[in-house]
Amino acid sequence: MNSKVKGVLQILLVVILIAAFGFVAYRGVGSAHRGSAKNIRLGLDLKGGVSVTYEATTANPTEKQMEDTIYKMQKRVENMSTEASVYQEGDNRVTIDIPGVSNSAEILATLGKAGSLQFVLYSNLKDKDGNANPADGAEVQFSKDDVELDGKAVEDAQATKQTSETGASENVVDVQFTGKGTKTFADLTSAHVGEQLAIVYDNKLVSAPVLKSAITEGRCTISGGEDFKDMQNAQNLASTLRIGALPLELRNIHDNVVGATLGSEALNSSLIAGVVGLILVIIFMIIMYRLPGVAASIALIFYVGAMLLSLNLLNVTLTLPGIAGIILSIGMAVDANCIIFTRIREELTTGKTVASSIKNGFSKALSAIIDGNVTTLIAALVLYLKGSGTVKGFATTLAIGIILSMFTAIFVTRLLMESFAALGLTDTKLYGLQKERKTIDFIGNWKKYVIISGTVVLICVAGIIINTAGPKKAMLNYALDFIGGTSTSVSVDQNTAITDELKNQVLDVVKGATGLTGEVSSSDDKGVKKITIRTTALTEEQSNTVRTELAKKFNTDEGQIESETISASVSSEMKTDAIVATLIAAACMLLYIWIRFRKFATGASAVLALVHDILVVFTVYVVGSSFIQVGSTFIACMLTIVGYSINDTIVVFDRIRENQKGTSARTNLAEVINRSITETLSRSINTSVTTFIMVFILALLGVSSVRQFAIPLIVGVISGCYSSVCVAAPLWYLMTGRGKNTAKGTTYSKKKKA
């Protein structure tokens, strides 16, 4: 096939794919409009969802019991949405907010009916009339001494399929026990092989499977024969076992559909910011890289379309921080292109043809792209497996972004670049040549960088001291997500339309009475409409004032206005999960970099540079505590820096590794490092600029909650660029050995002037 024809066909293929992505994203496929951007699940803050409230039947449950219940419920609802939030309301209530859904009955069926779960030998059961051999579903009676183990012993239960001994597929329930439950269950099954073990829920016999053998590995399978022919029966039993594993016995007291807490304005402003940022990034890439910039821009549009389809396909629930993170990923997606285009220019400068330069440029950039993205992907995988709530949701979108950006750079951009060359667009002016760069002495200035970074640490420490000594007695300005507060609800007439204007009126009343602002949402509980505002904790006097003022505003009785203390939606366990996941991710990244670069110092210096960036962003939260709150977006912000910063550092180390291969025994290591950083400097700056553009537009056009996410990220992007150039490589140099040559065992010493 003629090369020009092939080039035209390749470009046409990419254009058709982009058009197809655009059509599906705009219109969808089929009558259900599957794949449409409008069908992407939005979070509670943007679209609303279902709110379910349970109450503990135990009088005066302990704080530990409530915390454990909240954490287990959080892990459970993550199967429906990673952005679901679970928090304590009052002393004995647990509320679950699940975004992107509208059927409360379906949610209750999935969570399971709340109650108590016990395992009792079937022979010890009697029906309510005192007869033996009760039937499934019958109300039963037994003594407390007959309970072999309860729901606390169950870790998880899932309905699944397995192949039976006859080779047929059957529905079963796979049950996993806790560490303590494993031992108890092993002793029980060993002593009662051949007997039936009854599963009793709310004093009703659910099932009585036969113990065929001793089960010691902490996992068992319940097969129900005729009962499980319908998969729904297996799912119902699994749901019963899961809900019964809670530390407390709960009863559902109400469930309702709730409206968005932020409204359409927040979504629209964020989408506008995304479009404006995308246009500015495209303009920047074309100005900086000319024809390759055009290829990168087309690939970027392809990336956005593929991202929208992936979110639909994987049923990801998007909250406002999630949308902000995806918009940020658009700026980061051109990172690989910047590496490739810099390499192509270097090849062209040596006199190679355009076709050869494109081939060599992609080949030489590949290791840096793969190492950088695999390192970040490892972090995303660990965060997904070990994290919970917002952390798990962030990890999902991060992983999608990494995989798609790698694909678009390595395949789509390359396809376009090769097509341009095949069409005869081979004038070097269209690509640009790499200008000669004077090597900057980064290593020689390492002490200055220590002073700069040390100053940031001192500012952070000073800020913490000032904040903790202030009226709030806290080093950070914690949002409701972290510290909880007060929830105040006012009932409105059934015929009254709940609008954003009405919500703002409630907000104004509360702000006028207390000086505090908060999150406003609406709900409809079987025709009973309410507007709820959540603020930081109110004193009894403030709560009384708020109730009085709201009663006046809505011309209602104060008895129609409810106030409850609510706990943090980010529990202590979730915070621990986030910290543990981040530490494990850092250790895994260190290990991968150590293996790939064959030096522990490389991984250690990269991770230390990462810690440096996290500390810089943390300092922004400390110093800006008067206007920046620490909520769930704080976790997302820190994790974004983890993914962003390490990628930048890997590119520098990859160039150092490459440049070391072509040096002699007399070449000074510092000279190699300085040259490597200088050679990658334009790429580091350009990548940071594209990311900066997206975040800056978010801060400029976004609503308050997005702005509080974007401002620290702006600092993080700048710090990430600085640390990869001025912190990571100098740290590696100091750890490897100052004054050493690139050849093993040789040293370098400067000659003193006469």
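The lining of the largest cavity has four nonpolar, two polar and six charged residues. Here Ala, Val, Leu, Ile, Met, Phe, Trp, Tyr, Cys and Pro count as nonpolar, Asp, Glu, Lys and Arg as charged, and the others, Gly among them, as polar. This is a predicted model, where local features need pLDDT of at least 70, side-chain atom pairs count only at pLDDT 80 or more, and totals for chains, interfaces and linings use all residues. Residues are numbered from 1 along each chain as its sequence is written, and side-chain values use heavy atoms, without hydrogens and water.

A cavity is a set of points on a 1 Å grid over the protein atoms alone where a 1.4 Å probe fits but cannot get out; lining residues have an atom within 4 Å of a point. The whole structure holds one cavity of 30 Å³ or more. The largest cavity has about 80 Å³ of space. Its volume is the space filled by probe spheres set on the points, which are joined across faces, edges and corners. Among its lining residues are Ile 339, Lys 364, Asp 654 and Glu 679.

Helices (H or I, at least four residues) and strands (E, at least two) are DSSP runs, numbered from the N terminus.

Now the sheet. Four strands form an open antiparallel sheet, in the order S7-S4-S10-S11. Strands pair if DSSP finds at least two bridges between them. S7 and S11 stand at the edges with a single partner strand each, so one side of each has no neighbour in the sheet. S4 (residues 117-121) pairs with S7 over three bridges. Phe 119 stands opposite Leu 149 in S7.

Terms used: On a 1 Å grid over the protein atoms alone, a cavity is a set of points where a 1.4 Å probe fits but cannot get out, and a pocket is an open set with protein on both sides within 12 Å along at least five of seven lines; lining residues have an atom within 4 Å of a point.
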